[in-house]
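Q: Can you walk me through this model? I'd like to start with how the chains meet.

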Protein chains: 2
Amino acid sequence: MTTFGRIIVALVLTFAACWGQVIPSHPASTNIPGADFPRINADFSVTFRVQVEQAQKLQVSLGFGQSVYDMVKGTDGVWEATTKPLAPGFYYYGISIDGFITNDPGSRTFFAARKEVSGLEVPGDESEFFAVKDVPHGNVRIEWYFSKTTGETRRIFVYTPPGYDRSAARYPVLYLQHGYGEDEAGWSYQGHENFILDNLIAAGKTKPMIIVNEDGLTGVNFQPPPPPRPGTTPPPPSRGVVRFFMDERYPTLDQIISRDLIPFIDSRFRTIPDRDHRALAGLSMGGAQALRIGFNHLDQFAFLGAFSPAIAITDTDKDYDGIMADPAKLNRQLRLLWLGIGNEDFLHAPVKESHEALEKAGIKHVWVASSGAHVWTVWRKYLADFAPRLFQ
Amino acid sequence: MTTFGRIIVALVLTFAACWGQVIPSHPASTNIPGADFPRINADFSVTFRVQVEQAQKLQVSLGFGQSVYDMVKGTDGVWEATTKPLAPGFYYYGISIDGFITNDPGSRTFFAARKEVSGLEVPGDESEFFAVKDVPHGNVRIEWYFSKTTGETRRIFVYTPPGYDRSAARYPVLYLQHGYGEDEAGWSYQGHENFILDNLIAAGKTKPMIIVNEDGLTGVNFQPPPPPRPGTTPPPPSRGVVRFFMDERYPTLDQIISRDLIPFIDSRFRTIPDRDHRALAGLSMGGAQALRIGFNHLDQFAFLGAFSPAIAITDTDKDYDGIMADPAKLNRQLRLLWLGIGNEDFLHAPVKESHEALEKAGIKHVWVASSGAHVWTVWRKYLADFAPRLFQ
């Protein structure tokens with residue numbers, strides 16, 4: 001190549017690099033390797049492309065119908081849509097093909113709403129705390145153990161912190177539950193609990209701990225309340241719906257966790273097997289389960305967390321079989337009661353009322369009134385707020 | 001209820017129970033929890049049901065188009081198809097909706113052909129060896145490590161055998177690779193390597209070992225040869241295609257495994273870090289990679305396995321840079337060279353020719369000419385044949 005040619009190439013490459021700074025359009029991190037779409041644009045709008053030869057109407061449906069975008073058919077059967085700029089975070093979505101909602105072949109799927117659903121990560125400054133950084137990494141173990149309660153060999157996910165395998169130290173344990181329609185993999189695959197903890201531990205903000213994720217959807221032959229229709233403001237969940245998660249769904253999981261899982265974890269892992277080194281938390285349905293099971297087993301747990309939970313505490317004298325009727329006693333027993341909800345969450349009203357009821361009764365708790373809806377974007381942040389408060 | 005009524009109910013229940021014995025129709029184990037369809041019938045035919053309101057034509061496409069069944073539209077937009085009786089094993093499949101192939105909402109997805117694909121497990125006597133039994137279970141660890149070769153933090157799956165955490169013993173390691181379009185999770189999620197090993201170890205047939213699964217599809221911006229069209233007999237793969245996997249794709253993975261991964265595994269896990277306690281195997285593309293990388297690093301591996309590999313050895317003096325030109329030397333170096341292919345596999349001809357070339361040159365190897373096609377059903381059996389021969 002001539003010198004002149006080299007200069008031209010260098011100029012083009014420099015220009016391309018600068019252009020890249022201005023328009024850093026790139027495939028989403030949730031894409032399957034090598035897939036160019038969905039594509040995050042410079043303004044954090046997202047462009048979707050799907051090839052479908054025969055169809056009348058295609059739509060991108062974000063967040064189970066919260067936002068719907070019509071796709072436009074181009075040449076060769078390639079349909080395209082670009083969203084408005086999206087806030088950073090994790091979105092479940094589907095492609096509606098003539099009304100049938102299915103997956104985008106370009107994205108990885110995640111278990112949600114009791115099926116495999118396409119996922120989209122929109123990055124931003126707020127993604128830093130769960131990013132894969134050059135810090136020591138723990139691992140996530142897929143373990144199988146036998147539950148006498150269900151008579152099954154059950155699969156669990158267990159995070160062990162960096163250095164677990166090289167030390168003889170014993171660790172505290174956080175039992176952390178997913179929401180309705182998800183499973184024990186959710187806190188790893190959607191939540192990135194491992195990277196959140198790796199980063200917090202590396203920064204010296206959180207004590208190294210083990211995290212255990214069980215499948216909280218024990219018995220699945222029931223239907224949850226229907227999701228709100230797009231464009232409508234749903235009524236606050238009725239007390240009946242909330243009771244459903246609080247009181248009717250918990251007994252099997254209560255037995256699994258308190259009788260089967262804790263003994264297994266304490267025998268399999270180097271834990272500190274007492275209530276002062278054991279926490280229970282969860283999101284949505286899992287948050288309701290965490291409070292119900294935790295209040296039932298204050299001999300086993302001293303730290304409780306409810307992330308956007310499906311709860312509605314109104315009568316602290318009677319709710320939870322009266323466990324809150326003696327606030328001074330409960331305050332002595334619990335070293336942390338954490339409650340948080342986003343201001344766009346459809347469960348906002350009953351959770352805020354629950355907080356007010358606790359406040360009124362003098363039951364100590366950490367109250368986090370955040371922005372955000374009923375989404376993983378919020379729950380990752382809640383874990384990053386909750387974990388540093390544990391086992392101190 | 002009257003006594004007469006009770007008798008009638010008892011009779012009906014008894015009849016239903018007997019009928020259940022005769023026709024033990026049940027949801028597939030690969031279904032999402034609670035999904036009634038796909039459903040395995042008594043004769044091992046499988047009934048699929050999908051609800052699609054607006055569509056002209058639905059089909060079930062098994063094995064990427066190997067068998068296609070038209071679905072029939074019933075009431076309420078529910079489409080149904082029942083296959084012929086299927087051989088036990090694992091099937092990838094899709095639902096074709098007016099020509100667009102997508103997932104069945106009733107099934108879990110698995111990463112294959114570089115996308116998320118519905119999977120179907122058809123049980124049978126042959127499922128016993130990877131069934132979840134009442135034996136001690138190892139675990140599967142999702143680990144992250146930094147590769148200097150790619151400059152990335154890479155995800156790997158690592159099986160550790162029962163008792164690993166409670167002992168101070170050191171273990172041999174099998175590096176086991178997936179096929180084209182799959183990833184490091186394949187040997188766990190599709191292959192059930194953990195249950196295969198748990199069962200073999202419990203039966204005293206296999207030495208406890210660690211298994212490591214890397215992502216072998218390094219760089220994904222290429223297209224593999226197109227799959228055979230349904231109903232046609234594909235030509236045997238050209239030498240060019242095979243060379244593609246043998247010689248052009250391996251260098252990055254070779255460096256990752258030999259320079260980055262092995263040192264990481266030997267530092268993170270209690271391994272026996274020498275060639276006599278290290279094996280490398282893979283399926284399809286991974287089989288080609290295992291032979292190529294293994295022959296390059298006989299200082300690191302004494303056991304090699306190629307399951308239905310994309311290879312075509314014809315000239316043992318020249319292939320693999322002449323590593324086989326001195327058969328006596330290679331026979332001394334390799335403690336096991338394992339080669340297997342199914343008689344319905346589209347790679348059958350070149351693999352059989354490879355075996356014959358090895359035989360002719362006097363290169364010792366275990367040759368397994370099995371039934372079956374290019375599917376996980378076969379590779380699970382190959383692992384169960386291969387693992388007991390290791391580290392003896």
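A: One definition to begin: two strands pair if DSSP finds at least two bridges between them. Strands are DSSP runs of E with at least two residues, and they are numbered from the N terminus. With that in hand, V140(A) stands opposite I142(B) in β12(B). The model is a predicted one, where local features need pLDDT of at least 70, side-chain atom pairs count only at pLDDT 80 or more, and totals for chains, interfaces and linings use all residues. Residues are numbered from 1 along each chain as its sequence is written, and chains are lettered from A and ligands numbered from 1 in the order in which they are written.

Q: How many bridges join β12(A) to strand β12 of chain B, and do they run parallel or antiparallel?

A: Three bridges, and the strands run antiparallel. β12 of chain B covers residues 139-147.

Q: How many residues of chain A are in contact with chain B?

A: 33 residues of chain A are in contact with 33 of chain B. Contact means C-beta atoms, placed from the backbone, within 7 Å.

Q: Which strands of chain A supply at least two residues each to that side?

A: β9 (100-102), β11 (115-122) and β12 (139-147) of chain A. The largest share, six residues, comes from β12(A).

Q: What's the split into nonpolar, polar and charged there?

A: On the side of chain A that touches chain B, 13 are nonpolar, ten polar and ten charged. Here Ala, Val, Leu, Ile, Met, Phe, Trp, Tyr, Cys and Pro count as nonpolar, Asp, Glu, Lys and Arg as charged, and the others, Gly among them, as polar.

Q: New topic. Where is N213(B)?

A: N213(B) is in strand β15 (residues 210-213) of chain B.

Q: Is N213(B) buried or exposed?

A: N213(B) counts as buried because it has 27 C-beta neighbours inside 10 Å. The cut-offs are 20 or more other C-beta atoms within 10 Å for buried, 12 or fewer for exposed, and partly exposed in between, with C-beta atoms placed from the backbone.

Q: What is N213(B) in contact with?

A: Leaving aside neighbours within four places in sequence, its contacts include I156(B), F157(B) and W187(B).

Notes. Helix = DSSP H or I, 4+ residues; strand = E, 2+ residues; numbered from the N terminus. Contact = placed C-beta atoms within 7 Å.
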